[in-house]
Amino acid sequence: MGDQGKTGEQPAKELKILQQQVSVYEAVFDNMKNAVAIYKAVDGGKDFVFKKINHASERIERLRNEDIAGKRVTKVFPGIKEFGLLDVFRRVWKTGKAEEHPVVQYKDDRISGWRRNYVYKLPAGDIVAIYEDVTESKKYEKMLEKAKQEAEQASRTKSQFLANMSHEIRTPMNAIMGFADLLKETKITAEQKGYIDTILESGELLVNIINDILDLSKIEAGEIRLEEIVFDLKEVIKSLVSMVEHMVKDKAVDLTFEYPEDIPTKFKGDPTRVKQVIINLLNNAAKFTEKGYIKILVSSEQPDIHDIGKERIIKIIVKDSGIGIPAEKQKQVFSAFSQADFSSTRKYGGTGLGLFIVKRLLNLMGGSIELDSRENKGSEFTVRFTVQEGDGDIGHIKKEFDEDRKTEISVSFSGKKVLIVEDDAVNSKLINILLRKTGIITDSAFNGKEACEKSRTTDYDLILMDLSMPVKDGFEAAQDIRKNISKNVPIIALSAYSSKPDEKKAFDCGMNDFIHKPINHEDFIRKIAKWLGGMG
Ligand SMILES: Nc1ncnc2c1ncn2[C@@H]1O[C@H](COP(=O)(O)OP(=O)(O)OP(=O)(O)O)[C@@H](O)[C@H]1O
Ligand SMILES: [Mg+2]
């Protein structure tokens with residue numbers, strides 16, 4: 001090849017390179033996974049005609065490029081206006097600014113499907129839409145959404161079932177425990193007394209499990225509302241520590257509680273839930289520690305130096321030298337019904353709900369829990385939650401409890417008249433026996449209607465009112481009595497299934513106090529004493 005030939009061949013070579021490039025871009029265009037359509041604006045950018053679509057677009061729309069080239073988009077896709085894409089085309093053509101058209105459903109007489117479009121303008125003025133068909137994933141998404149809703153519904157049904165079931169079990173348990181208690185006080189042999197103690201102990205365990213399940217179902221159903229009352233944290237923990245003292249009294253375990261002087265003791269929050277968290281951790285420590293120590297350490301962190309409010313993060317560490325939890329089990333102990341060692345169920349007892357409830361309660365309180373443990377060395381649970389520093393009086397619950405505590409148990413209320421309104425015959429009988437032992441003259445009504453009739457003709461010193469009853473419930477009856485019969489007779493609500501809203505409703509209906517079932521004899525008599533007067 002000579003030098004002259006080189007210059008003569010130049011244009012032909014460039015054309016060839018150009019053709020090669022074009023065929024590369026065409027191949028890319030046609031084989032792209034995304035659909036691509038190129039349009040030319042007509043009617044001054046009001047409508048658009050097809051210049052070219054790629055294979056993916058042909059496939060998705062079930063059209064052929066040669067059939068639609070030169071046709072108006074509004075003819076080929078009559079639904080494009082409704083779909084919102086025509087407006088996007090018009091805007092992009094006018095402004096030159098690319099736009100994304102989010103996932104929307106396209107629909108006409110011929111096709112329908114979900115599309116996501118990206119639209120931009122070429123330098124030469126044509127409009128390009130790159131898009132994908134997301135119909136399948138949209139279907140999948142909808143299926144998932146439906147499955148999720150079904151699962152949530154099933155979970156709600158389960159929670160509701162658990163709540164109803166535990167409620168139903170609590171009522172007869174109340175009678176079993178109550179009568180066993182009464183039986184214990186009759187003339188029986190030491191052997192028989194031992195049997196009754198076993199009934200009582202097992203009954204108490206059962207009640208605890210039922211309460212846990214009830215709590216759990218309430219948490220799951222989002223029914224737990226946190227209270228905001230002033231309480232003494234140090235006192236709360238102290239009382240819990242003394243509760244677990246008896247659990248470790250026969251073991252070589254040193255139980256210590258540290259509450260530094262410089263931390264305030266009064267806070268605003270929900271003492272019932274705080275108690276629940278700590279008692280679960282203490283119970284576990286006591287249960288899983290045979291020798292060594294259990295330590296409870298309280299400290300406090302200021303959340304933010306700039307925070308002018310009196311918010312504090314309380315940190316409570318419960319540390320023991322017990323059996324510990326193997327590393328691979330540490331995550332799962334926080335799930336429901338989960339125990340580090342399933343064989344432990346027999347040795348130690350429990351349902352595996354404790355820590356799950358603790359975690360959920362802390363979540364609710366905006367707190368957290370951490371676990372550090374080594375097998376056969378011990379465990380350390382660290383709990384953090386935020387409280388407001390509180391001043392003023394210790395809240396309602398605590399105060400009442402203290403007042404109640406002053407009351408002597410062996411009491412006599414001879415001659416006082418009490419009406420027991422309770423639809424469950426066994427429970428009614430139990431309460432009757434309990435009250436008569438203190439010299440009270442009892443009378444019974446089996447629903448709210450009867451209660452109103454009886455209190456019209458007799459002056460009672462106190463009315464004990466069950467809440468859910470046939471014919472007329474306790475709320476209505478109390479309202480009726482307050483309005484039409486007596487403004488002053490104390491009415492105490494009795495309820496197995498007690499929630500905060502129930503309690504509030506009871507007070508709103510004119511009742512004066514609330515007793516939870518199953519009835520604890522001492523507390524029951526204290527409450528009665530408080531309202532029959534002259535005690536404490
Ligand atoms: N302090 C601890 N030392 C050793 N193991 C622990 C400790 N605390 C919890 N665990 C392990 O975590 C598991 C779950 O604890 P959790 O309190 O949830 O249930 P439980 O105590 O078995 O039953 P429940 O609390 O419902 O009566 C326990 O079964 C135990 O295996
Ligand atoms: Mg536990």
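Select helices H15 and H16: in this predicted model, H15 passes H16 in a right-handed crossing. H15 covers residues 448-457 and H16 covers residues 474-485. Their axes lie 9 Å apart and meet at an angle of about 25°. Since angles under 35 degrees count as roughly parallel, H15 is therefore roughly parallel to H16.

Now show side chains at the contact. From H15, pick Gly448, Cys452, Ser455 and Arg456; from H16, pick Ala477, Asp480, Ile481 and Ile485. Colour by class and you will find four nonpolar, two polar and two charged residues in this contact.

Next, bring up the sheet. In what order do its five strands run? Reading across, the order is E14-E13-E15-E16-E17, in an open sheet with parallel pairing. Go to the edges, E14 (441-445) and E17 (513-516): each has a single partner strand, so one side of each is left without a neighbour in the sheet. On average, neighbouring strands are turned by 20° against each other, direction ignored.

Zoom in on E13 (residues 417-421), which is joined to E14 by five bridges. Select Lys417 and you can trace its bridge partner in E14, Ile441.

H16 returns here, touching E15 (462-466) and E16 (491-495), and its direction makes about 150° with that of E15. Then select H18 (residues 521-532), which touches E15, E16 and E17. The direction of H18 makes about 165° with that of E17.

Methods: Residues numbered from 1 in each chain as written. Chains lettered and ligands numbered in written order. Predicted model: local features only at pLDDT ≥ 70, side-chain atom pairs only at ≥ 80, totals over all residues. Heavy atoms only, no water. Axes fitted to C-alpha atoms, helices over the stretch in contact; angles between N-to-C directions. Helix = DSSP H or I, 4+ residues; strand = E, 2+ residues; numbered from the N terminus. Parallel < 35°, antiparallel > 145°, perpendicular 65-115°, else oblique. Left-handed = near helix turned anticlockwise from the far one by under 90°. Contact = heavy atoms within 4.5 Å. Nonpolar A, V, L, I, M, F, W, Y, C, P; charged D, E, K, R; others polar. Pairing = 2+ DSSP bridges.
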